[in-house]
Amino acid sequence: QLQLVESGGGLVQPGGSLRLSCTASGFSLDFYAIGWFRQAPGKEREGVSCISSSDGYTDYADSVKGRFTISRDNAKNTVYLQLNSLKPEDTAVYYCAAYPAPFLAMCTTSPNEYYNWGQGTQVTVSS
């Protein structure tokens, strides 16, 4: 069974940091592009960041550029999202997702391309 599991969410003060993990089971992430998305209450799901399967291409939403960093460790079958300088408006449920994109040095933050989704992890930024 193909499964993605997110972890690392929690409650953090403004300006703080968290590292989210997305670990796959039942399949290898080697040939998949991975995206991180978030959804706040009453808002649509938005793309935060993505990383390609090859050559380390990354993309970020303007709202998180310079604060968030996506990376992958294929040996651990895991993708990470480092969240720094967190703001209250970053509060949301964060999801990771995957789509097959072997040997492609590109990715998209459009959720329509993804069809393997995790269950999400809550990030709350509050003092």
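Does Arg38 count as buried or exposed, and at what relative accessibility? Arg38 counts as buried, at 6% relative accessibility. The model behind these views is predicted.

Figure 1. The protein chain holds eleven strands and zero helices. Read along the sequence, the pattern is β-β-β-β-β-β-β-β-β-β-β. The radius of gyration is 14 Å, close to the 14 Å that the globule rule gives for 127 residues, so the chain is as compact as a globular protein of that length. Along the principal axes, the C-alpha atoms fill a box of roughly 40 × 30 × 25 Å.

**Figure 2. Inside and surface of the protein chain.** Of the 127 residues, 45% count as buried. The chain exposes about 6,400 Å², and carbon and sulfur atoms supply 47% of that area. Among contacts with a separation of 6 or more, 62% come from residues 24 or more positions apart.

**Figure 3. Charged side chains of the protein chain.** There are 9 positive and 11 negative side chains. The centres of the two sets lie 6 Å apart. Side chains of opposite charge can pair when their charged atoms come close. The structure holds four salt bridges.

**Figure 4. Close-up of Arg38 and Glu46.** The side chains of Arg38 and Glu46 meet in a salt bridge, 2.7 Å from N to O. Glu46 is partly exposed, with a relative accessible area of 33%. Arg38 counts as buried.

**Figure 5. Close-up of Arg38 and Asp90.** A salt bridge of 2.9 Å, N to O, joins the side chains of Asp90 and Arg38. The pair links distant parts of the chain, 52 residues apart. Arg38 sits in strand β4 (residues 32–39). Asp90 sits in the loop between β8 (78–83) and β9 (92–100). Both Asp90 and Arg38 are buried.

**Figure 6. Close-up of Asp90 and Arg67.** Asp90 forms a salt bridge with Arg67, and the closest N and O atoms are 2.7 Å apart. Asp90 lies in the loop between β8 and β9, and Arg67 in the loop between β6 (58–60) and β7 (68–73), so the pair ties together parts that are 23 residues apart in sequence. Asp90 counts as buried at 1% relative accessibility. Arg67 counts as buried at 10%.

**Figure 7. The linked salt bridges in one view.** Which residues make up the network of salt bridges? Arg38, Glu46, Arg67 and Asp90 are linked in it.

Technical notes:
Residues are numbered from 1 along each chain as its sequence is written. This is a predicted model: local features need pLDDT of at least 70, side-chain atom pairs count only at pLDDT 80 or more; totals for chains, interfaces and linings use all residues. Side-chain values use heavy atoms; hydrogens and water are left out. Helices (H or I, at least four residues) and strands (E, at least two) are DSSP runs, numbered from the N terminus. The radius of gyration is taken over C-alpha atoms; the globule rule is 2.2 Å times the number of residues to the power 0.38. Buried means under 20% relative accessible area, exposed over 50%, partly exposed in between (1.4 Å probe, protein chains only). Contact means heavy atoms within 4.5 Å. Accessible areas come from the Shrake-Rupley method with a 1.4 Å probe; for residues, only the protein chains shown count as cover. Lys and Arg count as positive and Asp and Glu as negative; His and the chain ends are not counted. The place of a charge is taken as NZ of Lys, CZ of Arg, CG of Asp or CD of Glu.
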